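Please read the points below alongside the structure.

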Amino acid sequence: AHIDAEAAELIRGGLSPEAARRAALVAFGGIERYKEEGRDARGIRALEDLAGDLRHAARVLRRNPGFTLAAVATFAIGIGASTAIFSVVHGVLLAPLPYREPDRLVALWERNLTTGRDNIVSVDEFQDWRRELHAFDGMAALIPAPVTVTRGGRVERVAGVQVTPGYFGMLGVAPALGREFAPAEEANGGDPVVILSDGYWRRRLGGDSGIVGRSLVVDGRPLTVIGVMPAGFEPPRYGWIDEQDLWLPFGVTAENRGWGHVLHVIARLRPGVSLAGANEELDRVGRALAAQRPEYRDRVPVANDLGREMTGEIRQPLLLLLGGVLLLPLMAVTNVSNLTLGLVRRRDQELAVRRALGASASRIARQLLTQSGLLGALGCAAGLGVALIGVRLLLRLMPPGVPHTEA
């Protein structure tokens, strides 16, 4: 519009339209300079430059497929492997257990003071601890109880566990259907009732929502189903406790008093009581009981973090593997940096010509950085795919009983 107005003024002064147009252009100056200023005023100049740099970076990577594939593959292996290992370590060792206030849950053992070894617990010990200890809000005993379930003429061996009433409430997990064991169901060695896992309920009973109140023949006797645990519930698995498809109430009898050391014990610390404080009380009570009963001599109860018990022997190998794999991203960055330097050296002549045509050093550096960023983004995307495959492979290689490996 400015040029047209100037040309019209010159025409009125006697110049021809062609001469007036040429003179207006000369007087106005470089049009591109004002275009650049207009773009700057719109505030999108940086985005336009970035888009141009990305297009240029894509052309460079497309013209050098060998370099691009090698760099992306290096990033993919380094990022994917380290991400997969960290994901598994985080899920197994660092993520909290899926229970209410899991940091307050502990596993109780009987420690032999002579050998220093921890052992499972006798029925009498469990009763004495439950009566004498005050550092815990709740305490539950567990014992593996594989059973035979008969249904529709079909006999199946099922992984069961006997637990004392209050076990699920202590974990902070309520049945999705029905209820937990009542304290009265502990009497007489346990009433004829059963609680099912969600997996067993769906797999063998078709997810029948009316299952509560019906009978299930277990070891030749009918048991009433009183509850079904929610989907995703991961019961504690450590020591002898492994797969758990159903739970039966455990009650003290003259017979199981003579079984010896057979019980795993889980307890919940009272609010404000630390693990060290609980162990002090355990030591004190254990020594007092040993003074009263000869069979407890040289034995004291100890409490260990339940999460550490559940990870067991897998903890140290996973930590060592994590420490080693953290070097992979550094190695990947180093290797890709060397590849990039080699590519830049091969482009020396091109870059020299661009400098001669007026490109500034900052402009060239920005394009090289954009190229590296695009390469990194491609490597990260490929690394994500490698990580997904790696996590699934690692979960398959995990031993049974490791928490957070069911997905």
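The points that follow are grouped by topic, from the overall form to single residues. The model is a predicted one. The chain contains 15 helices and 14 strands.

**Overall form**

- The C-alpha trace of the protein chain extends over about 125 × 55 × 45 Å along its principal axes.
- Buried residues make up 39% of the 407 residues of the protein chain.

**Nonpolar cores**

- The largest nonpolar core comprises 29 residues, and Y167, F168 and W247 have the most contacts inside it.
- Two or more residues of this core come from each of the strands β1 (105-112), β4 (136-144), β7 (160-163), β9 (193-196) and β14 (299-305), and likewise from the helices α7 and α11 (306-311).
- Helix α7 gives the most to this core, namely 4 residues.
- Another core, of 25 residues, lies apart from the largest one; V121, F136, M139 and L263 are among its members.

**Aromatic pairs**

- The structure holds 5 aromatic pairs.
- One of them is formed by F168 and F233, whose rings are 6.1 Å apart centre to centre; with 65° between the planes, the pair is edge-to-face.
- This pair links distant parts of the chain: F168 belongs to helix α7 (residues 167-171), whereas F233 is in the loop between β11 (221-228) and β12 (246-249), and 65 residues separate the two.
- Both F168 and F233 are buried.
- Y167, F168, F233 and W247 are linked into a cluster by ring pairs. Three residues of the cluster, Y167, F168 and W247, are also those with the most contacts inside the largest nonpolar core.

- On the surface, L327, L330 and M331 form a nonpolar patch whose accessible area together is about 320 Å².
- G376 is a residue of helix α15 (residues 361-397). G376 counts as buried because its relative accessible area is 16%, and the class requires a value under 20%.
- V336 is 40 residues away from G376 along the chain, and the C-alpha atoms of the two are separated by 9.4 Å.

**Positive phi angles in loops**

- Most residues other than glycine have a negative phi. Two residues with positive values are described here.
- E101 is a residue other than glycine with a positive phi, near 45°. E101 is placed in the loop between α5 (65-94) and β1.
- With a relative accessible area of 39%, E101 is partly exposed.
- D219 likewise has a positive phi in a residue other than glycine, with a value near 55°. D219 is located in the loop between β10 (215-218) and β11.
- D219 is partly exposed, its relative accessible area being 49%. This value does not reach the exposed class, because that class requires over 50%.

Notes. Residues numbered from 1 in each chain as written. Predicted model: local features only at pLDDT ≥ 70, side-chain atom pairs only at ≥ 80, totals over all residues. Heavy atoms only, no water. Patch = residues over 30% accessible without salt bridge, like charges linked within 9 Å, V, L, I, M, F, W, Y side chains within 5 Å. Areas by Shrake-Rupley, 256 points an atom, 1.4 Å probe, with all protein chains shown as cover. Salt bridge = Lys/Arg side-chain N within 4 Å of Asp/Glu carboxyl O. Buried < 20%, exposed > 50% of the residue type's maximum accessible area, 1.4 Å probe, protein only. Phe/Tyr/Trp six-rings, centres within 6.5 Å; stacked < 30°, edge-to-face > 60°. Core = buried A, V, L, I, M, F, W, Y, C linked by side-chain atoms within 4.5 Å.
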